[in-house]
Amino acid sequence: MIERLFVAGLSHRTAPIAVREQLVVDEDKLREILAGLVGRGTCAEVMILSTCNRIEVYGIAEVAGEARTAAFRQMAAQRGVDLSIIEPLLYAKDGAEAVQHAFRVASSLDSMVLGEPQILGQVKDAFALAQSSRTVGPVLHSLMSQAFAVAKRVRSDTEVGRHAVSVAFAAVELARKIFDGLEGRSVLLVGAGEMGELAARHLQDVGTLPLYVTTREVMAILPARRGRPLFFIDIAVPRNVEAAVNELDDVFVYDVDDLRSVVEANVRERQREAQRAETLVEREVEKFSERLRSLEVVPTIVSLREKLEEIRRAELARALARLPGANEATRQALEALSQGIVNKVLHAPTVKLRDSSKSGHGHRWIEVISELFGLGGKGRGAPRG
């Protein structure tokens with residue numbers, strides 16, 4: 001199963017905001033895309049994570065490349081974007097690398113702001129959306145459940161999230177640098193969502209006064225400012241402030257990609273704790289991979305037991321038919337004898353299947369034992385979806 005697990009996407013590391021914002025689609029459209037990918041058989045399971053800094057598809061598919069292309073083609077089509085613009089910017093990982101990536105993302109080790117807490121909530125929201133769309137199966141459920149547990153351990157066992165900052169915090173820090181301090185300055189927040197609320201808290205902490213919040217764009221403000229410079233720090237994706245605004249006299253616009261210098265300073269301070277967190281993630285990836293590989297052989301073990309149990313019952317019935325006068329003690333003795341034989345026959349192939357799954361050779365032994373015991377298609381891998 002782990003070989004069919006993939007993640008593909010683009011992030012702040014591979015694509016500028018001008019590209020990322022073109023792939024942002026609303027929840028209803030995401031539901032349609034998820035349902036379509038599973039309904040057409042492109043993916044057995046799938047979820048889509050869409051945030052300010054990344055758009056990623058996590059899925060289980062026979063042909064990961066086709067699934068990746070189909071998912072991003074549909075997202076691009078929703079916004080009228082040519083897929084050829086997107087494809088060169090995409091990264092793709094499968095198997096254990098996809099598991100590691102999922103754990104790092106949920107733990108905020110791949111975030112622009114290392115250790116920021118918002119990403120875990122965003123991953124949980126994406127998972128919940130996929131669950132409600134009925135596109136989550138046993139593998140993604142296990143992957144995300146473990147990712148949430150790993151993120152919690154990173155938060156509790158390391159200090160990578162100590163004094164955690166966010167994009168909103170980085171925006172406030174940038175504003176402080178621009179204005180050489182914000183004490184006593186008035187601030188207008190455009191947007192009252194989660195990031196706006198976080199920004200408001202940080203702004204109050206640094207002494208801004210007064211603080212205004214609006215959900216509409218600021219219009220016709222320049223004449224009233226009488227030549228005083230105006231700064232916009234836009235942390236929304238898609239952006240709320242047109243890029244052309246930056247071309248106006250005495251107006252300066254910064255977006256989330258411009259926060260990089262603030263973020264890089266934050267990263268340097270946290271590298272030691274981040275390394276501890278990375279080691280923790282690597283251990284958890286190996287544990288998850290072993291657990292997933294062990295699940296691969298379970299259907300074969302179950303099918304083998306069912307096959308031998310079927311033979312046992314048939315042969316026991318024939319034996320008892322030839323012993324019409326057998327008492328209950330004799331019947332119980334034959335039952336125990338036949339069950340003991342089945343258990344002993346099962347022991348060696350069961351041990352071999354489990355050991356081979358740990359070493360990564362489970363699929364080969366599934367084929368051998370299925371052929372040897374005539375299991376047909378019943379034991380060839382775990383159920384999908």
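Q: How many cavities of 30 Å³ or more does the count come to?
A: Rolling a probe the size of a water molecule over the atoms shows where empty space is left. On a 1 Å grid over the protein atoms alone, a cavity is a set of points where a 1.4 Å probe fits but cannot get out. Grid points are joined across faces, edges and corners, and a volume is the space filled by probe spheres set on the points. By this rule there are 2 cavities of 30 Å³ or more. This is a predicted model, in which local features need pLDDT of at least 70 and side-chain atom pairs count only at pLDDT 80 or more, while totals for chains, interfaces and linings use all residues. Residues are numbered from 1 along each chain as its sequence is written, and side-chain values use heavy atoms, with hydrogens and water left out.

Q: Which residues are closest to the centre of the largest cavity?
A: The largest cavity holds about 150 Å³ of space. Its lining has 14 residues (an atom within 4 Å of a point), and T51, N53, E116, Q122 and V167 are the closest to the centre. The lining divides into 6 nonpolar, 6 polar and 2 charged residues. Here Ala, Val, Leu, Ile, Met, Phe, Trp, Tyr, Cys and Pro count as nonpolar, Asp, Glu, Lys and Arg as charged, and the others, Gly among them, as polar. Helix α6 gives the most to this lining, with 3 residues.

Q: At what angle do α2 and α6 cross?
A: Helices (H or I, at least four residues) and strands (E, at least two) are DSSP runs, numbered from the N terminus. Axes are lines fitted to C-alpha atoms, for helices over the stretch in contact, and angles run from 0 to 180 degrees between N-to-C directions. The axes of α2 (residues 27-39) and α6 (residues 118-132) come within 10 Å and cross at roughly 55 degrees. That makes α2 oblique to α6; angles under 35 degrees count as roughly parallel, over 145 as roughly antiparallel, 65 to 115 as roughly perpendicular and the rest as oblique. In contact (heavy atoms within 4.5 Å), E27, L30, R31 and L34 of α2 meet L129, A130 and S132 of α6.

Q: What about α12 and α13: how do their axes cross?
A: The axes of α12 (residues 328-358) and α13 (residues 362-372) come within 7 Å and cross at roughly 155 degrees. That makes α12 roughly antiparallel to α13.

Q: Where does V245 lie?
A: V245 is in the loop between β7 (230-234) and β8 (251-255). Leaving aside neighbours within four places in sequence, V245 is in contact with F232, V251 and V253.

Note on methods
On a 1 Å grid over the protein atoms alone, a cavity is a set of points where a 1.4 Å probe fits but cannot get out, and a pocket is an open set with protein on both sides within 12 Å along at least five of seven lines; lining residues have an atom within 4 Å of a point.
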